[in-house]
Amino acid sequence: MLHAMTKDSTEPKAPLLMIPGPIEVEAPVLAAMGAPPLSHLDPRLVAAFSRALTLLRDVFLAPDGQPLVVAGSGTLAMEMAVANVVERGDRAVVVDTGYFSARMARVLERHGAQVTVVGAELGEVPTLDAIEGAVRGARPKVVTVTHVDTSTGVLAPVREIAAIAGAHGALSLVDGVCSVGGEALDMAAWGVDLALTASQKALGAPPGLAIVMARPRAMEAHRARKTPPASFYADFAEWLPIMKAYEAKTPAYFATPPVNLIMALEASLASIAREGMAARVARHAHVAKAMRAAWTQMGLRSLPRQASSSAHTLSALYYPDGVDASLVARVRDEGVVIAGGLHPEARTKYFRVGHMGNTGDAEIATTVSAIARALGKDPAGALAAARSQA
Ligand SMILES: *Cc1c(COP(=O)(O)O)cnc(C)c1O
């Protein structure tokens with residue numbers, strides 16, 4: 001009952017936030033955000049920052065990884081990852097599954113990379129043969145993939161793509177902004193060199209933190225650069241000593257950390273650690289299954305064309321015949337905030353429902369009912385379909 005957290009019962013109940021980020025946050029996260037700011041050298045902040053950095057290795061399953069947490073959004077995390085391993089003239093292959101893959105290509109180009117894009121039809125993932133062919137042809141320094149493209153709800157086969165990159169001597173870089181903390185991602189076992197996310201999606205904190213996990217080959221690529229990264233703020237060399245210092249509880253200064261967000265991130269990561277990543281990934285899969293059963297019962301068609309490449313952190317659904325984007329406002333009137341389309345090819349034809357973080361049976365029921373009512377349907381059938389997956 002996350003949406004029933006209003007302190008004063010006379011306040012109107014806040015609508016339930018079910019977009020693909022920002023998401024509902026738990027009470028301890030909210031409390032951390034609302035507390036008076038601490039000094040960035042305060043032992044309480046230092047202890048929380050240290051724990052957050054350590055806990056991030058468990059979330060990314062990267063025991064040998066270096067976490068970097070800085071003020072910024074997911075787009076800065078994308079740029080930070082790229083700026084530190086790519087030099088002017090390097091080649092990159094982008095596995096394109098939608099809007100955010102196109103953004104990654106632009107970031108790479110801005111930092112001087114020659115980019116080869118391997119795309120597919122809307123709602124599809126390029127075949128592994130096509131990806132391997134592109135990598136063999138381009139001989140890139142880095143292969144990037146969007147784990148979950150938030151514009152399409154397409155889930156990419158990161159393990160297989162990282163294996164292709166590794167077999168051809170390229171680094172693998174995963175945009176995990178809509179996946180880390182919700183989808184299965186095992187950086188070390190899958191050989192993923194760099195992954196990134198932001199605080200406001202499946203990690204369950206408010207927006208404002210860019211998070212990068214760099215494994216040894218990525219750090220080595222950074223150290224082997226001939227030229228410094230073109231961004232001062234995003235340079236690993238500036239942040240590395242700071243992250244190591246905070247983790248060792250001996251704080252150091254480069255740029256002021258967003259102290260409330262760090263406290264909030266630690267509160268959310270502590271909750272994630274209590275649940276355990278395996279259980280959390282399984283719960284996201286269960287929630288996605290229940291949601292999908294409800295969509296099918298209502299006759300809604302998914303944008304991802306195959307179940308195997310459908311995200312567990314959000315649903316992207318075509319409007320049924322005779323329904324347009326005004327559905328989003330009608331669902332809002334029913335008490336749930338969902339999102340419209342984002343991919344330029346189909347922006348007005350579909351909507352998106354986020355289901356990451358602390359989503360459970362209550363949130364599934366509230367969301368499914370609101371959408372059914374906004375579509376003029378009796379919610380009972382869709383609710384029964386969702387519950388049948390429990
Ligand atoms: C949200 C998102 C981004 C961008 O993150 P911002 O915090 O909005 O900058 C990048 N990639 C993916 C996959 C996302 O879902």
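Let me begin with helix 13 and helix 14, whose crossing is right-handed, meaning that the near helix is turned clockwise from the far one by less than a right angle. Helices here are DSSP runs of H or I with at least four residues, and strands are runs of E with at least two, numbered from the N terminus. Please keep in mind that this is a predicted model, in which local features need pLDDT of at least 70 and side-chain atom pairs count only at pLDDT 80 or more, while totals for chains, interfaces and linings use all residues. Residues are numbered from 1 along each chain as its sequence is written, and side-chain values use heavy atoms, with hydrogens and water left out.

Two packed helices are described by the angle between their axes and the distance between the axes. For helix 13 (residues 361-374) and helix 14 (residues 379-387), the axes come within 9 Å and cross at roughly 145°; the axes are lines fitted to C-alpha atoms over the stretch in contact, and angles run from 0 to 180 degrees between N-to-C directions. Which residues of the two helices meet? On helix 13 they are Ile364, Ala365, Val368, Ser369, Ala372 and Arg373, and on helix 14 they are Pro379, Ala382, Leu383 and Ala386, where contact means heavy atoms within 4.5 Å.

Turning to the whole chain, we find 14 helices and 14 strands. Of its 390 residues, 57% count as buried, that is, under 20% relative accessible area, whereas exposed means over 50% and partly exposed lies in between, with a 1.4 Å probe and protein chains only. Residues 24 or more positions apart account for 71% of the contacts with a separation of 6 or more.

Now to the backbone, where most residues other than glycine have a negative phi, and most peptide bonds are trans. The peptide bond from Gly21 to Pro22 is cis, with omega near -5°, and Pro22 sits in the loop between strand 1 (16-17) and helix 1 (27-34). Leu61, which is not a glycine, has a positive phi of about 50°, and it lies in the loop between helix 2 (43-60) and strand 2 (66-71). Lys249 also has a positive phi, near 65°, and its loop runs between helix 9 (236-247) and helix 10 (259-275). Is Lys249 buried or exposed? Lys249 is exposed, because its relative accessible area is 53%, whereas Leu61, at 35%, is partly exposed.
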